[in-house]
Amino acid sequence: MLLAFNKPFGVLSQFTCNSSSHRTLAEFGFPPGVYPLGRLDAESEGLLLLSDEPSLNAKLLHPRQAHRRVYWAQVEHIPTAPVVAELEKGLRIHGRETLPCRAWVLDPQPDVPPRQPPIRVRKTVPTCWIALALVEGKNRQVRRMTAAIGHPTLRLVRVQIGDFSLGELPVGRWKALSAEERKLVFGQITMLGL
């Protein structure tokens with residue numbers, strides 16, 4: 001079984017709390033035996049996949065699969081085209097180069113439901129939503145990338161994995177994926193049986 005979950009802000013991508021004050025996946029009524037495929041940190045929101053099929057973890061997360069994930073980041077200030085191009089070519093962060101990615105300013109800006117708690121707002125600092133399509137997922141990578149170009153991330157939402165989009169799935173809700181939706185997640189990997 002493969003499940004898509006719209007993870008709220010402040011929820012850990014695990015079922016046990018380990019003395020953290022954050023909420024966990026245990027609160028959302030998942031079927032027994034599922035576990036998250038990958039992670040979103042507690043401050044990030046959006047698409048998280050869960051499964052009871054151990055082989056899917058390597059199909060989705062191993063770097064050789066170059067599996068695309070799309071994030072929307074609400075950042076401080078409005079990035080210029082040359083700054084967005086810096087993101088795309090890759091950056092040196094914490095002593096390592098990020099892989100090239102696709103990055104763009106979302107136009108029109110998306111109508112994303114408010115977050116609880118809301119992001120900090122500074123009247124003199126405009127914000128902008130940008131999108132990044134990555135094929136790697138290091139810890140807090142998007143946040144570190146946007147900070148490196150001078151546009152700190154205020155809010156981060158994963159909206160797509162492979163060709164499967166979060167769509168209208170409400171925050172805090174999950175659904176089992178159909179065979180067609182699974183193909184969207186895994187693309188050629190699933191169809192070739194690799």
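Strand 9 (153–161) is largely enclosed by the rest of the structure, because nine of its nine residues are buried. Here buried means under 20% relative accessible area, exposed means over 50%, and partly exposed lies in between, with a 1.4 Å probe and protein chains only. Helices (H or I, at least four residues) and strands (E, at least two) are DSSP runs, numbered from the N terminus. This is a predicted model, in which local features need pLDDT of at least 70 and side-chain atom pairs count only at pLDDT 80 or more, while totals for chains, interfaces and linings use all residues. Residues are numbered from 1 along each chain as its sequence is written, and side-chain values use heavy atoms, with hydrogens and water left out.

Which strands does strand 9 join by bridges? Two strands pair if DSSP finds at least two bridges between them. Strand 4 is joined to strand 9 by seven bridges, and the two run antiparallel; in this pairing Gln74 has Arg155 as its bridge partner. Strand 3 runs parallel to strand 9 and is joined to it by two bridges, with Glu45 partnered by Val157. Strand 10 (residues 164–165) is antiparallel to strand 9, again with two bridges, and Ser165 in strand 10 is the bridge partner of Gln160. Strand 9 and strand 10 form a hairpin with two residues between them, and Gly162 in the turn has a positive phi of about 60°.

The next topic is the nonpolar interior. A nonpolar core is a set of buried Ala, Val, Leu, Ile, Met, Phe, Trp, Tyr and Cys residues joined through side-chain atoms within 4.5 Å. The largest one has 28 residues, and those with the most contacts inside it are Phe30, Leu50, Leu87, Leu132 and Met145. Two or more residues each are given to this core by strand 1, strand 3 (45–51), strand 4 (69–76), helix 2 (81–89), strand 8 (127–134) and helix 3 (141–148). Strand 8 provides the largest share, four residues. Apart from this core lies another, of 14 residues, including Leu49, Ile161, Phe164 and Leu177.

Helix 3 can be followed in more detail. Its buried residues include Gln141, Val142, Arg143, Met145 and Thr146. Among the elements that cover the buried residues of helix 3 are strand 4, helix 2, strand 5 (92–93), strand 6 (96–97), strand 8 and strand 9. Contact means heavy atoms within 4.5 Å. Leaving aside neighbours within four places in sequence, Met145 is in contact with Leu87, Leu91, Ile93, Thr98, Cys101, Leu132 and Leu134. Just after helix 3, Gly150 takes a positive phi of about 85°.

Asn6 is found in strand 1. Is Asn6 buried or exposed? Asn6 counts as buried because its relative accessibility is 7%. Apart from neighbours within four places in sequence, Asn6 touches Gly46, Leu166, Leu169, Pro170, Val171, Gly172 and Arg173.

Aromatic rings come next. Rings of Phe, Tyr and Trp (its six-membered ring) pair if their centres lie within 6.5 Å; planes under 30 degrees apart count as stacked, over 60 as edge-to-face and the rest as tilted. A search of the whole structure finds four aromatic pairs. In one of them, Phe15 and Phe30 are edge-to-face, 6.0 Å centre to centre with 85° between the planes. This pair links distant parts of the chain: Phe15 and Phe30 are 15 residues apart, each in the loop between strand 1 (2–7) and strand 2 (35–37). Phe15 counts as partly exposed because its relative accessibility is 30%, whereas Phe30 counts as buried at 11%. Phe5, Phe15, Phe28, Phe30 and Trp174 form one aromatic cluster.

Two arginines lie over rings. A charge sits over a ring if NZ of Lys or CZ of Arg is within 6 Å of the ring centre and within 35 degrees of the ring normal. The charged end of Arg102 sits over the ring of Trp104, 3.9 Å from its centre, and Arg115 lies over the face of Phe9, 3.8 Å from the ring centre.

Some backbone details remain. A cis peptide bond joins Asp107 and Pro108, with omega about 5°, and another joins Gln116 and Pro117, with omega about -5°. Pro108 lies in the loop between strand 7 (102–105) and strand 8, and Pro117 is found in the loop between strand 7 and strand 8. His77, in the loop between strand 4 and helix 2, has a positive phi of about 70° although it is not a glycine.
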